[in-house]
Amino acid sequence: MARPRSSICVSDLIPSMNERMMGRFIIIRRFRCSSRLDTLELILADEKGDRIQASIGLDCLAYDSSRLVEGTWIFIKDFGLVDAVGSVRPTRHAYKILWNLSTSFQRTVVTASVDYFKFVRFEDVLAGLVDPSVCVDLIGRLMCVGNYDEDEGMNSTWEQIYLELENVRGIRIRCRLPKGYATKFFSGLKTCADNTILCVMRFARLELSRGDMRATTMCTCTELLFNPSCDEASRMRLAFASVERKLF
């Protein structure tokens with residue numbers, strides 16, 4: 001008989017035939033992919049901020065799946081682990097959680113001071129030092145927005161959006177957003193009143209274009225955030241303000 005195991009961290013999750021897995025996680029992303037509409041995908045994180053993907057098949061999507069809300073802490077019991085496969089994965093964990101018919105969860109409360117971002121340096125992305133098979137988090141100052149195929153001004157009917165983000169060292173990275181993200185992008189942009197607009201691409205997929213690495217989206221997993229409340233955004237805003245004071 002499989003024996004239960006006490007709640008463990010993401011980094012400790014490995015398959016075992018003799019243990020029933022359980023753990024406490026926060027839901028930081030909920031999404032579906034067009035190739036697997038019968039599966040609900042979650043990105044979970046533990047109290048240290050380490051991430052793992054979870055998949056819930058149609059046969060396990062009970063009525064209480066609506067309670068799986070982003071930002072909610074849950075305690076999951078009796079789940080399985082399978083290899084995380086695919087040309088691009090949302091987390092770097094070698095395995096992902098698999099919901100089965102015996103898996104159950106309940107909401108819980110955790111006090112944690114982690115913001116659950118995993119930002120990478122633009123320099124490392126452009127130098128090819130970041131694994132393109134794993135999604136990344138990017139943050140930078142929004143510098144320009146455009147579309148190579150349209151002559152009219154910015155609007156949500158564009159088939160694709162190209163933008164550039166800049167870090168505090170003046171390094172820029174180009175990003176490509178498909179049409180499905182146009183409305184989200186322009187709606188978020190309208191809420192920004194500051195001269196300096198910080199933009200986050202969370203769970204961005206890296207792709208090679210004309211010899212350079214750029215960021216794009218992975219199905220609906222990628223999230224756009226404008227002027228987010230996180231430690232890195234606060235540090236970046238102070239750094240940009242310091243540079244502007246020196247210029248004037």
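**View 1. Surroundings of Val136 in the predicted model.** Val136 touches Val120, Val130, Met201, Arg202, Phe203, Ala204 and Leu206, leaving aside residues up to four places away in sequence; contact means heavy atoms within 4.5 Å. Val136 belongs to strand E8 (residues 136-146). Strands (E, at least two residues) and helices (H or I, at least four) are DSSP runs, numbered from the N terminus. With a relative accessible area of 4%, Val136 is buried; buried means under 20% relative accessible area, exposed over 50%, and partly exposed in between (1.4 Å probe, protein chains only). Residues are numbered from 1 along each chain as its sequence is written, and side-chain values use heavy atoms, with hydrogens and water left out.

**View 2. The largest nonpolar core.** This core has 27 residues, and Leu138, Leu163, Leu165, Leu177 and Phe185 have the most contacts inside it. At least two core residues come from each of helix H1 (122-126), E8, strand E9 (160-166), strand E10 (172-178), helix H2 (182-190), strand E11 (198-209), strand E12 (212-216) and strand E13 (223-226). Another core, of 20 residues, lies apart from it and includes Ile52, Ile76, Leu81 and Phe105. A nonpolar core is a set of buried Ala, Val, Leu, Ile, Met, Phe, Trp, Tyr and Cys residues joined through side-chain atoms within 4.5 Å.

**View 3. Contacts of Leu163.** Not counting residues up to four places away in sequence, Leu163 touches Leu142, Cys144, Val145, Ile173, Arg174, Cys175, Leu177 and Phe185.

**View 4. Tyr116, a residue with positive phi.** Phi of Tyr116 is near 70°, a positive value in a residue other than glycine. Tyr116 sits in the loop between strand E7 (104-108) and H1. The residue is buried, with a relative accessible area of 9%.

**View 5. Arg210, a residue with positive phi.** In the loop between E11 and E12 is Arg210, whose phi is near 55°, a positive value in a residue other than glycine. Arg210 is exposed, at a relative accessible area of 83%. Most residues other than glycine have a negative phi.

Methods. Predicted model: local features only at pLDDT ≥ 70, side-chain atom pairs only at ≥ 80, totals over all residues.
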